[in-house]
Amino acid sequence: MPDVQSTVVEFVNKLRKRKIEGSQATAKCTVELLRSVISHQRVPHANQAAALIDAVKAVGEQLVAANPVELAVGNVVRRVLHIIREEDLSLTTAAMGGLDLLDASDDDDVDNCKGIGYPAMSAAVVAAAARSTLRPPSLQTLLEGTPESATVPYTSSSGADSESKTADKSSLTRKLKHDVIEGVNQLIHEIAGCHEQIAEQAIEHIHQNEVILTLGSSRTVLEFLCAAKEKKRSFRVFVAEGAPRYQGHLLAKELVARGLQTTVITDSAVFAMISRVNMVIIGAHAVMANGGVIGPVGVNMAALAAQKHAVPFVVLAGSHKLCPLYPHNPEVLLNELRSPSELLDFGEFSDCLDFGAGSGSLQVVNPTFDYVPPNLVSLFITDTGGHNPSYMYRLIADYYSADDLVM
Amino acid sequence: MGAQKKPAAARVRDDSEDLTRQRLQAIVLADSFTTQFRPITLERPKVLLPLVNIPMIDYTLAWLESAGIEEVFVFCCAHSSQVIDYLEKSEWYSRPNPNLLVRTIVSPKSTSVGDALRYIYEQQTETSQIQGDFVLVSGDTVSNMPLAGLIQEHRDRKKKDEKAIMTMVIKKDSRLGIVSDQLFIAVDPLTKQLLHYEEGTARGGDVCLDKSLLDSTVLVCNDMQDCYIDICSPEVLSLFEDNFDYQHLRRHFVNGLLVDDIMGYKIFTHEIQSSFYAARIDNLRSYDMVSKNIIQRWTYPYVPDINFSGNRPLKLGRQGIYRASDAVQSRSTNIGASTVIGYGTKIGNGGKIFNSVIGNGCSIGSNVVIQGSYIWNNVTIEDGCEIRNAIVCDGVKIRAGAVLQPGVVLSFNVVVGRNFVVPAYSKVSLLQQPTTEDSDEELEYADRSGTADLLSGVNNLQLESKASELGPDRTGYIWEVCDSAHDEEWKHSVIPIPMDKLADITRAMDDDDIEDESVVPPSGELKSDTDSINTDANDDYGYFEREVEETFLMAIIKDDVDHVIRLINSRRFAYNMASADCAGAVFYSMMRLAVNTPHNSASELYRNATTIITKWKGVLGLYLKQTDEQIEVIMKFEEMCEESAELGPLFAQIVHFLYDKDVVQEDAILRWGEEKAGADESDKVYLKQCEALIQWLKEASEEEEEEDS
């Protein structure tokens with residue numbers, strides 16, 4: 001436990017000092033940290049889920065407080081909590097199902113579970129079935145029957161696999177923890193693979209001889225564009241440089257290295273260029289429950305320009321960026337104000353900055369993020385497919401429990 | 001030879017492995033060894049003073065931690081127990097398995113940076129705490145620059161050149177020149193080696209460079225700021241140990257190394273990129289400046305709305321207003337731009353607060369005007385007060401209607417009476433001003449207990465009789481400001497520079513620019529052929545002469561020639577004097593000694609002089625190897641004789657004596673005679689005295705020549 005505590009402290013420290021940047025990296029670190037918290041957490045016999053939830057919540061609160069601006073941390077914590085709740089639910093239903101299935105059941109829960117042993121296969125299937133029946137079916141599951149059914153055999157097989165290994169000493173405790181860790185591993189897998197998942201869809205959206213505009217730098221956008229390029233689509237990319245951090249320059253460099261036709265423009269030239277653009281593709285920092293987007297500063301301007309010229313405005317976001325909160329909450333719309341040294345050299349405007357002496361004083365504001373309201377967004381592409389902004393709340397309901405929204 | 005080389009190469013490789021394995025260490029001096037922050041620092045160490053509601057040392061430690069430093073030694077001196085208490089309670093100690101180990105070193109007796117480093121060196125022999133290169137900063141540094149690359153650069157350089165023992169961080173900053181003393185440095189533009197360092201030259205004053213520097217290209221800058229962040233090799237500690245008279249890190253140590261060409265140690269500079277921030281708080285003005293920079297977020301991520309060291313983060317609103325979530329404020333209060341309001345603070349109706357920092361737990365009444373001020377924790381300000389550009393420490397009570405005029409400093413727990421007007425620039429403390437006049441280099445009051453005695457023991461009586469100073473129901477003494485300091489006061493207080501002064505300075509600067517354009521461009525490269533550098537150093541020479549005299553008189557008691565030579569050499573290096581100057585000064589001291597020894601007649605004086613010369617001619621001889629230097633001595637003596645009527649008549653006799661004792665060669669005397677031959681009639685008094693001698697010498701040499709031929 002102490003080593004977990006120290007890794008938590010270390011991570012909190014990094015978040016505080018803004019040493020980790022980018023939501024994917026943060027999400028990855030967070031979920032790995034939470035996995036070790038769960039695996040080191042001692043669980044009592046009764047009410048194990050609550051113990052795990054408390055432990056995760058306690059750590060999660062620290063992480064969120066360390067850098068409230070990085071919404072991915074909160075999202076991942078809520079995802080993990082959701083996984084715990086789900087697994088707990090499926091286990092209880094499985095236990096109930098087991099009681100029905102097996103006549104020769106013992107009196108108490110632990111023995112019962114021991115008794116299950118080999119019929120675990122059926123229990124997992126029952127659990128999956130229970131999960132889908134307990135939850136009202138979402139539009140997504142109705143439309144795409146395949147992914148759901150694909151996940152069921154996955155969980156059941158892996159469950160059976162490990163079950164046979166740990167059958168001897170298995171107890172309900174270990175089972176829940178094990179399942180949760182399994183679920184968290186899947187989440188890690190998902191976060192790591194979100195770029196490829198999103199990029200796979202590129203071919204459907206980018207067509208021959210199109211002109212794409214993007215702003216700032218996003219790994220997701222890079223992979224997305226490159227995936228289209230690999231499929232022999234030829235198109236051109238305009239990169240708005242994304243002042244004052246100029247991450248667009250880095251993106252342009254990468255794109256050229258991968259053989260794309262790239263043009264760098266200033267942020268202020270976006271409006272002038274937009275009439276030649278077929279689609280704007282942006283990587284988000286976070287997607288809010290109402291379908292609004294928090295992205296690099298300048299994004300709102302690009303979205304407005306796109307709307308004016310009826311150019312589709314597409315936002316790419318891995319599922320860890322979906323935030324179950326609404327942006328009316330001032331706590332959420334926090335913006336990080338960075339050092340003015342990105343705009344001005346220290347001492348450059350010293351005489352105006354030394355306020356108090358004269359009448360006027362110069363203030364330098366360097367916000368990191370911009371908020372794009374949902375009506376400006378045409379399409380979200382997440383690792384599960386393309387979605388309309390008005391649908392985001394539903395998608396988010398799949399990933400989070402309502403109990404965890406307020407931590 | 002080849003066989004010998006091999007093990008050496010192997011050792012080098014071992015060393016490099018050692019270097020990579022070393023922990024990154026830093027020494028933080030939690031005492032600035034100055035009195036700039038008095039009277040506040042009589043009660044609390046400077047590093048614990050709140051800077052935008054967070055103690056200064058937290059900024060330093062947070063920065064060092066994120067820059068990758070693994071172990072910090074906090075050197076405590078004055079108020080060491082307070083510093084240690086604070087650190088033990090802080091996050092730095094309580095954190096499990098921290099990245100940054102904080103240790104404290106306590107030495108209450110140290111009175112300067114030199115003492116501190118010597119103390120660390122002494123400890124070093126027992127504990128060997130410092131394993132390799134270390135970062136030396138003071139505990140009042142605010143920065144966000146990365147250090148890893150810099151340390152690597154230093155190590156690489158050290159590997160190549162054993163003598164590169166220190167890297168100094170400098171920052172381009174044109175504006176601090178107005179405020180603090182100007183810094184003048186000369187750097188080799190290619191290697192970044194520091195060649196000359198001069199602090200506190202007045203604007204437009206002359207700067208003298210050693211002529212040998214001009215053999216190659218030199219970059220001369222006067223728009224640099226010294227960040228007082230140094231990467232040092234362990235040799236630095238031992239150098240301090242060897243040179244027991246080094247006190248000040250820059251004035252003595254750096255200048256000492258620069259003029260000392262025997263050991264050949266080198267100092268390099270590193271200019272930090274303009275995107276990083278580094279500054280040091282050494283007086284109230286820089287306190288004000290750095291506070292404002294923090295509020296403007298130049299120090300990001302070390303800003304009040306980020307929890308970087310266990311502080312409670314504040315909320316940042318529009319226009320740079322930082323507010324604690326539980327601060328209570330009346331709707332009618334007007335809170336202006338760039339203001340910080342701490343936790344648990346209550347503000348009454350109709351006030352006006354801007355450009356100010358207000359600490360935790362303060363209570364501020366109605367209709368209070370606070371502008372450009374720093375109000376620390378738990379301060380009570382009653383209705384209708386007016387506070388402009390003041391520093392108000394913890395626990396102060398300001399009764400209704402009181403006015404603090406600009407530049408006031410109220411130390412801990414002072415009470416200002418109803419409707420009392422505290423005059424501008426006054427410093428008020430519960431402690432009395434120490435009566436002894438301190439040099440500016442003195443230690444902040446060593447121990448709290450001592451000062452407490454001062455308060456309780458010295459006079460409760462006086463407290464009452466003097467109490468009227470601050471109006472009815474008040475406590476505290478107003479410290480006197482000596483007249484000379486008063487003129488300079490505007491430079492160091494928290495008040496923005498008054499417009500008229502600023503205009504003066506800028507005008508002076510413009511004038512300079514015009515005048516100097518031909519001489520020294522503000523910052524440019526001087527080619528080797530430029531000889532326009534002024535070499536006028538009269539002032540320095542005066543000091544030097546006085547110091548040599550003092551040393552000489554002191555040393556004479558000990559009666560040890562070697563000892564005298566050593567002391568004088570150290571002075572010589574400190575002032576960068578030629579050996580001719582030394583000789584002049586030594587001779588001057590000897591003659592002064594002779595004159596000051598009691599005597600009744602001229603002959604007795606002559607006897608005194610001769611005995612002294614015979615005794616100490618070894619010292620003189622050391623500096624008089626060349627004819628030029630000997631002439632210098634004679635001319636010096638001439639000057640002295642003009643000043644002292646007693647010595648005048650003895651001139652020829654003493655010169656002759658010097659010749660007899662082989663201190664002065666005949667060549668020197670003859671050449672002196674030739675030089676003087678062309679001088680004014682009034683200057684020839686002594687030449688005439690010596691005519692006989694010169695004549696005699698000439699004849700003697702002619703005879704010699706004849707004999708030779």
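In this predicted model, the buried residues of helix H5 of chain B are covered by elements that include strand E1 (25–29), strand E4 (71–76), strand E5 (101–106), strand E6 (134–138), helix H8 (235–242) and helix H9 (249–259) of chain B. The points below begin with H5(B) and the way H5(B) packs against H8(B), and then turn to backbone features, among them a cis peptide bond between Ala243(A) and Pro244(A).

**Helix H5 of chain B**

- Helix H5 of chain B runs over residues 113–127, and its 15 residues, at 1.5 Å a residue, should span 21 Å, which agrees with the 20 Å that separates its end C-alpha atoms.
- The buried residues in H5(B) are Val113(B), Gly114(B), Ala116(B), Leu117(B), Arg118(B), Ile120(B) and Gln124(B).
- Just after H5(B) comes Ser128(B), whose phi is positive, at about 45 degrees.

**Packing of H5(B) against H8(B)**

- The crossing in which H5(B) passes H8(B) is left-handed.
- On the H5(B) side, Gly114(B), Leu117(B), Arg118(B), Ile120(B), Tyr121(B) and Glu122(B) take part in the contact, and they meet Leu237(B), Ser238(B), Phe240(B) and Glu241(B) in H8(B).
- Sorted by class, the contact of H5(B) with H8(B) holds five nonpolar, two polar and three charged residues.

**Cis peptide bonds**

- In chain A, the peptide bond that joins Ala243(A) and Pro244(A) is cis, with an omega of about 0 degrees, and Pro244(A) is placed in the loop between strand E2 (236–240) and helix H12 (247–257) of chain A.
- In chain B, a cis peptide bond with an omega of about 5 degrees joins Tyr300(B) and Pro301(B), and Pro301(B) is placed in the loop between helix H10 (284–295) and strand E15 (315–316) of chain B.

- His79(B), although not a glycine, has a positive phi of about 50 degrees, and His79(B) lies in the loop between E4 and helix H3 (80–89) of chain B.
- Since buried means under 20% relative accessible area, His79(B), at 3% relative accessibility, counts as buried.
- Tyr228(B) is likewise not a glycine and has a positive phi of about 55 degrees, but Tyr228(B) is found in a strand, E12 (residues 224–232) of chain B.
- With a relative accessibility of 14%, Tyr228(B) counts as buried.

How values were computed. Residues are numbered from 1 along each chain as its sequence is written. Chains are lettered from A and ligands numbered from 1 in the order in which they are written. This is a predicted model: local features need pLDDT of at least 70, side-chain atom pairs count only at pLDDT 80 or more; totals for chains, interfaces and linings use all residues. Side-chain values use heavy atoms; hydrogens and water are left out. Helices (H or I, at least four residues) and strands (E, at least two) are DSSP runs, numbered from the N terminus. The expected span of a helix is 1.5 Å times one less than its number of residues. Buried means under 20% relative accessible area, exposed over 50%, partly exposed in between (1.4 Å probe, protein chains only). Contact means heavy atoms within 4.5 Å. Axes are lines fitted to C-alpha atoms, for helices over the stretch in contact, and angles run from 0 to 180 degrees between N-to-C directions. A crossing is left-handed if the near helix is turned anticlockwise from the far one by less than a right angle, and right-handed if clockwise. Ala, Val, Leu, Ile, Met, Phe, Trp, Tyr, Cys and Pro count as nonpolar, Asp, Glu, Lys and Arg as charged, and the others, Gly among them, as polar.
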